[in-house]
Amino acid sequence: PPTGKGQNSDEKKAWDTGDSVLVIGSARTVADSEDAYGERIQWEYTPKAIRLVNEYRQKFPQLFNALAKLPSEKKYDANKVFGPNGAEWLAVIREWLNNVDSAKLPRTPISTDTMSQEAVIAVEKAADVRNLAVKKKGFPKESLIKIPGSALYR
């Protein structure tokens with residue numbers, strides 16, 4: 001991301017939107033920490049993230065060349081980046097991104113604590129077993145009760 005020095009307001013707004021990345025260990029956005037505190041941002045990436053970006057760069061070098069040439073653009077023309085078949089390339093890139101494991105993960109703030117995927121699967125399996133046992137006993141029983149509307153507002 002661009003640094004705070006020499007940015008015009010439009011460039012800053014592009015980084016102030018919802019896609020801003022949070023610094024690990026901080027609840028501040030990138031723009032907040034640069035503007036309010038004058039600190040230099042240190043980005044931290046997992047080895048898996050680095051491998052993913054490297055694979056992305058190898059698979060679609062023309063995309064990364066365009067990003068390097070015009071890093072502050074708000075929008076890129078697919079035909080300028082990929083040539084006359086730009087729209088077709090976008091579909092290929094989208095398909096590749098959809099097949100990346102992390103594409104299926106929900107987007108969460110860096111400060112979020114989560115269970116591992118294995119733990120989530122174990123909890124879901126335990127819930128399924130419990131629900132099956134409850135249904136075998138005949139629970140939950142459904143019943144309809146007529147309640148006058150005036151009773152809701154007492």
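Among contacts in the protein chain (heavy atoms within 4.5 Å) between residues at least 6 apart in sequence, 39% join residues at least 24 apart. The model is predicted: local features need pLDDT of at least 70, side-chain atom pairs count only at pLDDT 80 or more, and totals for chains, interfaces and linings use all residues. Residues are numbered from 1 along each chain as its sequence is written, and side-chain values use heavy atoms, with hydrogens and water left out.

**Overall layout**

- The protein chain has eight helices and zero strands, where helices (H or I, at least four residues) and strands (E, at least two) are DSSP runs numbered from the N terminus.
- Along the sequence, the pattern reads α-α-α-α-α-α-α-α.
- Of the 154 residues of the protein chain, 14% count as buried; buried means under 20% relative accessible area, exposed over 50%, and partly exposed in between, with a 1.4 Å probe and protein chains only.

- Helix α6 covers residues 86-98, and its 13 residues should span 18 Å at 1.5 Å a residue; the end C-alpha atoms are 18 Å apart, which agrees. The expected span is 1.5 Å times one less than the number of residues.
- Gly86, Ile93 and Trp96 are the buried residues to look for in α6.
- Seen down the axis of α6, its buried residues fall within an arc of 75°, so they line one face of the helix. That arc is taken from the directions from the helix axis to the C-beta atoms.
- Turned away from the buried side of α6 is a face with the exposed residues Ala87, Glu88 and Glu95.
- The cover over the buried residues of α6 includes α3 (47-59), α4 (61-69) and α5 (78-82).
- Glycine 86 sits in helix α6 and is buried, with a relative accessible area of 0%.
- Leaving aside residues up to four places away in sequence, glycine 86 touches Ala78 and Asn79.

**Aromatic rings**

- Rings of Phe, Tyr and Trp (its six-membered ring) pair if their centres lie within 6.5 Å; planes under 30 degrees apart count as stacked, over 60 as edge-to-face and the rest as tilted. By this rule there are six aromatic pairs.
- The rings of tyrosine 56 and phenylalanine 60 have centres 5.9 Å apart and planes at 90°, so this pair is edge-to-face.
- Tyrosine 56 also forms an edge-to-face aromatic pair with phenylalanine 64, at 5.0 Å centre to centre and 85° between the planes.
- Tyrosine 56 counts as buried at 18% relative accessibility, and phenylalanine 60 counts as buried at 2%. Phenylalanine 64 is buried too.
- Ring pairs link Tyr56, Phe60, Phe64, Phe82, Trp89 and Trp96 into a cluster.

**Where α3 meets α4**

- The axes of α3 and α4 come within 5 Å and cross at roughly 100°. Axes are lines fitted to C-alpha atoms, for helices over the stretch in contact, and angles run from 0 to 180 degrees between N-to-C directions.
- α3 and α4 are therefore roughly perpendicular to each other, a label for angles of 65 to 115 degrees, with under 35 roughly parallel, over 145 roughly antiparallel and the rest oblique.
- On the α3 side, Tyr56, Arg57, Gln58 and Lys59 meet Pro61, Leu63 and Phe64 in α4.

**Helix α7**

- Glycine 138 follows α7 and has a positive phi, near 90°.
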